Amino acid sequence: MASRHVFAYGDHPSQVVRIHQPDADDGAPFPVVVLLHGGWWRDAHDLRRVDPLAAELAEAGWLVWNLEYRRTGGDGGGWPQTLDDVCSALDLLGARLR
């Protein structure tokens with residue numbers, strides 16, 4: 001069974017990453033996959049859309065970063081905030097993998 005951790009990469013409530021990680025350390029370091037849920041970037045759709053996929057990938061031995069970001073509408077996303085959020089999360093992933 002895989003474990004799941006949530007942490008923030010910014011101050012906004014939507015600037016979080018859910019990390020799904022295989023429990024077995026014998027496969028470390030794990031291959032990494034980053035999921036962006038899409039959903040037309042609207043408030044109504046969030047990272048929960050791809051949590052089942054993230055869990056399955058972690059069970060298969062992948063380290064999964066399921067990214068949330070500010071979405072359009074009342075969440076404060078749009079151009080360029082949504083892109084900025086994704087870039088910030090990916091920068092953090094790069095720093096953690098070094």
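## A walk through the protein chain

Of the 98 residues in the protein chain, 40% are buried (buried means under 20% relative accessible area, exposed over 50%, and partly exposed in between, with a 1.4 Å probe and protein chains only). Keep in mind that this is a predicted model, in which local features need pLDDT of at least 70, side-chain atom pairs count only at pLDDT 80 or more, and totals for chains, interfaces and linings use all residues. Residues are numbered from 1 along each chain as its sequence is written, and side-chain values use heavy atoms, with hydrogens and water left out.

Let us begin with the overall fold. The protein chain has two helices and four strands (DSSP runs numbered from the N terminus: helices are H or I with at least four residues, strands are E with at least two). Starting at the N terminus, the order of elements is β-β-β-α-β-α. The radius of gyration is 14 Å, close to the 13 Å that the globule rule gives for 98 residues, so the protein chain is as compact as a globular protein of that length. Here the radius is taken over C-alpha atoms, and the rule is 2.2 Å times the number of residues to the power 0.38. Along the principal axes, the C-alpha atoms fill a box of roughly 45 × 30 × 15 Å.

Now for the salt bridges, of which the structure holds six; each is a side-chain nitrogen of Lys or Arg within 4 Å of a carboxyl oxygen of Asp or Glu. One of them pairs Arg4 with Asp51, their closest N and O atoms being 3.5 Å apart. Arg4 lies in strand 1 (residues 3-8) and Asp51 in helix 1 (residues 51-59), so this pair ties together parts that are 47 residues apart in sequence. Arg4 is partly exposed, at 48% relative accessible area, whereas Asp51 is buried at 11%.

Asp51 also meets Arg18 in a salt bridge, at 2.0 Å from N to O. Because Arg18 sits in strand 2 (residues 16-21) and Asp51 in helix 1, the pair ties together parts 33 residues apart in sequence. Both Arg18 and Asp51 are buried.

Another salt bridge joins the side chains of Arg48 and Asp46, at 2.8 Å from N to O. Arg48 is exposed, with a relative accessible area of 53%, while Asp46 is buried at 15%. Returning to Asp51, salt bridges that share partners join Arg4, Arg18 and Asp51 into one network.
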